[in-house]
Amino acid sequence: MLLILKCINLQKNKLKLKEENIKLITTNENYPSAYYFENGVNANGYGTNSPKSFYWDKRAGLIKYETHDGEVFELLKQTN
């Protein structure tokens with residue numbers, strides 16, 4: 001699956017990202033510095049497999065995303 005995401009120019013649109021605390025259901029792990037992106041709000045998805053929304057953590061990267069048909073995927077284990 002090829003996933004292409006492009007964040008909208010935040011300064012141009014005067015949008016600021018806010019860090020959020022998110023707790024994953026699958027692992028019960030907290031991510032206090034996650035950013036939320038939503039297609040058409042502060043990100044643009046391209047292709048047929050682009051997510052509806054996703055959470056990005058500075059430390060762990062992509063930790064959660066939701067598809068347009070409501071499926072939710074969360075990080076289970078991070079490997080280095």
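The following legends describe close-up views of a predicted model.

Local features are reported at pLDDT of at least 70 and side-chain atom pairs at pLDDT 80 or more, whereas totals for chains, interfaces and linings use all residues. Residues are numbered from 1 along each chain as its sequence is written, and side-chain values use heavy atoms, without hydrogens and water.

**View 1. The open sheet has five strands in the order β2-β3-β5-β6-β7, with antiparallel pairing.** Strands β2 (20–23) and β7 (72–74) stand at the edges with a single partner strand each, so one side of each has no neighbour in the sheet. From one strand to the next, the twist averages 40°; axes are lines fitted to C-alpha atoms, and angles run from 0 to 180 degrees between N-to-C directions. Strands (E, at least two residues) are DSSP runs numbered from the N terminus, and two of them pair if DSSP finds at least two bridges between them.

**View 2. Strand β5 (residues 53–57) is mostly covered, with four of its five residues buried.** Buried denotes under 20% relative accessible area, exposed over 50%, and partly exposed the range in between (1.4 Å probe, protein chains only). Strand β3 (residues 30–38) runs antiparallel to β5 and is joined to it by five bridges. Within this pairing, F37 stands opposite F54, and Y55 is the bridge partner of Y36. Five bridges also join β5 to the antiparallel strand β6 (residues 61–66), where E66 stands opposite S53. Three residues separate β5 and β6 in their hairpin.

**View 3. Three aromatic pairs are found in a search of the whole structure.** Rings of Phe, Tyr and Trp (its six-membered ring) pair if their centres lie within 6.5 Å; planes under 30 degrees apart count as stacked, over 60 as edge-to-face and the rest as tilted. One of the pairs is tilted, because the rings of Y36 and Y55 have centres 5.0 Å apart and planes at 50°. Y36 belongs to strand β3 and Y55 to strand β5, so this pair ties together parts 19 residues apart in sequence. Y36 is partly exposed at 26% relative accessibility, whereas Y55 is buried at 16%. Y65 and F73 form a stacked pair, because their ring centres are 5.1 Å apart and their planes lie at 20°. Y65 is buried at 18% relative accessibility, while F73 is partly exposed at 36%.

**View 4. N28 lies in the loop between β2 and β3.** Its phi is near 65°, a positive value in a residue other than glycine. Most residues other than glycine have a negative phi. N28 counts as exposed, at 53% relative accessibility.
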